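Please look over the model below before reading on. The points that follow are meant to be checked against it one at a time.

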Amino acid sequence: MSNQAKKDQTQELIKETTKNLFFVKGKFDTTTQEIADAAGVNRTLINYYFRSRDNLIQIIFDEAQKVEKEKSEIIMNPDLPFKEKIGQFIEGSLSTSLQYPYLETYIVSQINKGNCHKRDIEEDELNKLYKDIEQEMEKGAIDKMEPIQFVLNMISLLVFPSAVRPLLMENLMISSEEFDKIISVRKEIILNMLFKN
C-alpha cells in the first residue's frame, strides 16, 4: 500500500470513528483523545489530518448536512406521484435513523450552539411542496390543514422517536435491537397516518 493510500485510509478511519461516536452512540462531547483511542491511532494524527478537533467536527457536520440534503431532494422529484415521494422520503429517513440514530439530534445541537447551518431546502422548493400538499388535499388524499402542519406531522413522526431514543428505550423497557425493529416497520404506519388512502 502506498503512503498516500495509507494516509487516506487513516484519515477515513478517523472520520468514520468520529461519525460512529457522534451519530451512532450520541457522544457529542467526545474529546480528541477519545476519538483517537476509539480509532486506534495517535491523537497527534487528528491534528495532522484535520488541523483541529473543531475542523474535524465541521467536516462531520458538513457530511451530516449532506445526508439531510439528499433526503430532502427525494421530495422535490417532479417525476414521482406525491404519495410515492413521501414514501421514499420516509423510507430514506428511517434507514438513516437506523444507521445514525443521533444524526438529527446532533444537527440540532450544533444549530443551538450557533454553528453554520445550510438549509436542506430552498424557499421556492418549499413553496412547491406546499402547493403539492394543497393539491393532495383537494383530491381528498390528505385531511385539510395548513400545509406546514402536514410537514410538521411527517417530520415529528419520523424524528421524534430517534430524538428521544434513550428515554423511550428506558421507559418502554426495550433493547436497542428491539427499538431498531420498531423503527424499521414505521413506514406504512406513518403513511397511513398521513394519507387517507
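**Notes on the predicted model**

1. In this predicted model, Asp-180 and Arg-165 form a salt bridge through their side chains, with an N to O distance of 2.8 Å. Asp-180 belongs to helix H10 and Arg-165 to helix H9, so the pair ties together parts that are 15 residues apart in sequence. Asp-180 is partly exposed, with a relative accessible area of 24%. Arg-165 has a relative accessible area of 5% and is buried, because buried means under 20%.

2. How many salt bridges does a search of the whole structure find? The search finds eleven. Some are linked in a network, which contains Glu-12, Lys-15, Glu-16, Lys-19 and Glu-63.

3. Lys-196 forms a salt bridge with Asp-143, and their closest N and O atoms are 3.5 Å apart. This pair links distant parts of the chain, 53 residues apart: Lys-196 is in the segment after H11, and Asp-143 is in the loop between H7 and H8. Lys-196 is exposed at 52% relative accessible area, while Asp-143 is partly exposed at 44%.

4. Glu-136 and Lys-139 also form a salt bridge, with the closest N and O atoms 3.1 Å apart. Both residues are in helix H7, three residues apart, so about one helical turn separates them. Glu-136 is buried, with a relative accessible area of 10%, whereas Lys-139 is exposed, with 63%.

5. Two packed helices are described by the angle between their axes and the distance between the axes. For helix H7 (residues 123–139) and helix H8 (residues 147–163), the axes come within 9 Å and cross at roughly 100°. The two helices are therefore roughly perpendicular to each other. On the H7 side, the residues that meet H8 are Leu-129, Tyr-130, Ile-133, Glu-134 and Met-137. Their partners in H8 are Pro-147, Ile-148, Phe-150 and Val-151.

6. Arg-51 is not a glycine, yet its phi is positive, about 75°. Arg-51 sits in the loop between helix H3 (43–50) and helix H4 (53–75), and is exposed at 65% relative accessible area. Met-173, also not a glycine, has a positive phi of about 55°. Met-173 is in the loop between helix H9 (165–171) and H10, and is exposed at 72%.

7. Which residues make the nonpolar surface patch of about 300 Å²? They are Val-185, Ile-189 and Met-193. Val-185 lies in the loop between helix H10 (176–184) and helix H11 (186–194). With 53% relative accessibility, Val-185 counts as exposed.

Definitions and conventions: Residues numbered from 1 in each chain as written. Predicted model: local features only at pLDDT ≥ 70, side-chain atom pairs only at ≥ 80, totals over all residues. Heavy atoms only, no water. Patch = residues over 30% accessible without salt bridge, like charges linked within 9 Å, V, L, I, M, F, W, Y side chains within 5 Å. Areas by Shrake-Rupley, 256 points an atom, 1.4 Å probe, with all protein chains shown as cover. Salt bridge = Lys/Arg side-chain N within 4 Å of Asp/Glu carboxyl O. Helix = DSSP H or I, 4+ residues; strand = E, 2+ residues; numbered from the N terminus. Buried < 20%, exposed > 50% of the residue type's maximum accessible area, 1.4 Å probe, protein only. Axes fitted to C-alpha atoms, helices over the stretch in contact; angles between N-to-C directions. Parallel < 35°, antiparallel > 145°, perpendicular 65-115°, else oblique. Contact = heavy atoms within 4.5 Å.
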